[in-house]
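We will go stop by stop, with a note on what to look for at each one.

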Amino acid sequence: MSDGEPRVRITRRLRFRLTANYLLFFTLLFGALGAGFYHLLGRIQDSQVRQLLDEQWLALVGYLRIRGSGPVWVFNQDDPNEVFAVERLRRVFFLADSQGQPLEISPGYRVIGVESRAEIRAAIQSRAAGWRYRSDPSHLTYLLRWGVLVDAQTNRPYYVAIGRSFDITQPVRRRFLWIYIAVLPLFVCGGSLFGWYWAGRALRPINNLVEATQRITGTNLSLRIPASGTGDELDRLIDTLNQMIGRLEKSFRHMRQFTADVSHELRTPITAVRGQLEVALYTARTVEQYREAVLDALEEVERLTRFVHAMLSLSQAESGQLTLHKEAMDVVPILKDITGQFQIPADESRLQLSLETPLHCVAELDRVQFERLVTNLLANAVKFTPPGGEVRVRLSADRDKLELVVEDTGCGIPAEYLPHVFDRLYRVPGIEGGPEKGLGLGLSFVSWIVKAHAGSIRVASTVGKGTRFSVTLPLAATQAVDSAPLNVHPA
């Protein structure tokens with residue numbers, strides 16, 4: 001861990017948690033496997049003993065004869081195989097009559113316990129057969145095979161049980177259990193090391209991503225995080241981060257430009273005000289000189305006030321604090337009124353100002369903001385059109401939208417500057433708009449107003465021929481449009 005990284009407890013690190021999950025998984029896995037093998041081994045051993053007892057039971061039926069005096073074992077005593085078979089049958093053997101009276105009990109059977117007379121009578125009465133488990137004092141388990149044999153001569157039933165111990169198989173199971181318990185920690189430790197290694201490998205790309213991200217600061221936002229090229233989720237994350245960094249870079253660039261522009265815009269009038277006041281303080285001698293200096297300072301203060309007010313209004317608009325108050329209205333009278341207000345400035349600049357509209361056009365708009373939109377477009381058109389030029393305003397509408405076009409025959413805007421004309425505080429280089437320099441905020445307002453009304457705006461310009469702004473806005477739900485044009489010209 002580098003000095004610049006925050007120190008995190010190892011138990012809270014992702015690699016530790018992944019390794020702990022690996023450890024838990026391997027512990028449960030090996031525990032379940034051991035329990036499964038132990039249970040399977042017991043079932044196999046039990047099945048083998050049952051099979052052996054079934055074979056002994058068949059042999060018992062062939063060797064055992066019951067007479068009035070008791071059981072008689074019929075076998076060839078000269079055959080060692082038959083002698084061994086009978087001795088094995090009688091190791092754990094029990095025979096009783098129908099009243100539960102024992103007729104023969106082997107010592108091995110007596111050790112594990114004899115059934116009660118009631119149990120024997122119930123078994124004989126049901127003529128059933130079954131299996132029982134018993135344990136001797138040393139906790140050695142026995143499996144018993146019991147049933148009922150009928151004497152063919154007297155037709156009397158007898159209770160018979162034979163058994164076999166797990167003296168060989170049971171220690172094997174215990175030995176397997178203890179060996180597995182002893183080996184299990186090794187498996188768990190191996191699983192932990194395996195989990196720690198693979199967790200490190202899995203997190204290595206993420207650590208590389210963290211290191212690459214830490215190298216990106218506010219001064220080098222042009223850097224991008226290299227993708228691994230695998231096309232996995234990590235590459236999607238890297239692509240998302242690069243897109244976010246790109247947006248941050250653009251925001252930082254705009255912020256720096258905005259800060260520089262605002263600083264310049266504030267510094268210029270403040271410097272002018274200071275200069276005018278210093279002139280009045282050190283050089284003015286008459287009342288008229290003082291008055292002229294104060295008037296010049298007030299003009300700069302007014303310009304500064306307009307700039308600050310415009311900046312605050314635009315910031316409120318872009319941050320969502322300025323809400324629209326839409327209502328259905330006829331925009332034709334509004335256009336006539338605003339165009340009439342610009343008639344005098346147009347006459348002073350020897351410009352021909354014309355308006356073409358339908359008789360009526362109802363749209364759902366915010367009146368104040370729509371008036372600001374038209375005023376800003378007309379102000380720019382009048383300002384940048386030389387004497388003898390023409391400014392034309394045209395309104396048209398169809399079923400669901402209206403189009404407002406403001407075009408002039410002014411100096412035009414070079415193509416490389418058109419994408420930036422709606423940027424805040426942007427002024428086209430080399431173009432002067434008369435004695436009063438603009439703030440570079442009018443078209444930013446226009447763009448926001450159009451977007452707030454769910455409309456669109458386009459600009460087309462040719463240097464030396466003029467500029468054309470086209471605004472498209474949605475009409476009201478119940479619009480009223482009279483398509484008959486009405487041409488309005490200055491008197």
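Two strands are said to pair if DSSP finds at least two bridges between them. Keep that in mind, and note that this is a predicted model.

**First stop: a strand pair.** Select residues 93-96, strand β3, together with residues 157-165, strand β7. These two strands run antiparallel and are joined by four bridges. Within the pair, look for F94, which stands opposite A161 in β7.

**Next, widen the view.** Both strands belong to an open sheet of five strands, with antiparallel pairing and the order β4-β3-β7-β6-β5. Color β4 (102-105) and β5 (130-135) to see the edge strands, each of which pairs on one side only. On average, neighbouring strands of this sheet are turned by 20° against each other, direction ignored.

Select residues 117-126, helix α4. Helix α4 lies across β3, β6 (141-150) and β7, and runs at about 110° to β7.

**Then show the side chains.** F94 returns here as a member of one aromatic cluster, along with Y109, W146 and Y159. Which rings does R145 meet? R145 lies over the face of W57, at 4.7 Å from the ring centre. The charged end of R145 also sits over the ring of W131, 5.4 Å from its centre.

**Last stop: F422 and F469.** The structure holds six aromatic pairs. One of them is F422 with F469, edge-to-face, at 6.3 Å centre to centre and 80° between the planes. This pair links distant parts of the chain, 47 residues apart: F422 is in the loop between β12 (401-408) and α11 (442-452), while F469 is in strand β14 (residues 466-474). Is F469 buried or exposed? F469 counts as buried because its relative accessibility is 7%, and the cut-off for buried is under 20%.

Conventions: Residues are numbered from 1 along each chain as its sequence is written. This is a predicted model: local features need pLDDT of at least 70, side-chain atom pairs count only at pLDDT 80 or more; totals for chains, interfaces and linings use all residues. Side-chain values use heavy atoms; hydrogens and water are left out. Axes are lines fitted to C-alpha atoms, for helices over the stretch in contact, and angles run from 0 to 180 degrees between N-to-C directions. Contact means heavy atoms within 4.5 Å. Rings of Phe, Tyr and Trp (its six-membered ring) pair if their centres lie within 6.5 Å; planes under 30 degrees apart count as stacked, over 60 as edge-to-face and the rest as tilted. Buried means under 20% relative accessible area, exposed over 50%, partly exposed in between (1.4 Å probe, protein chains only). A charge sits over a ring if NZ of Lys or CZ of Arg is within 6 Å of the ring centre and within 35 degrees of the ring normal.
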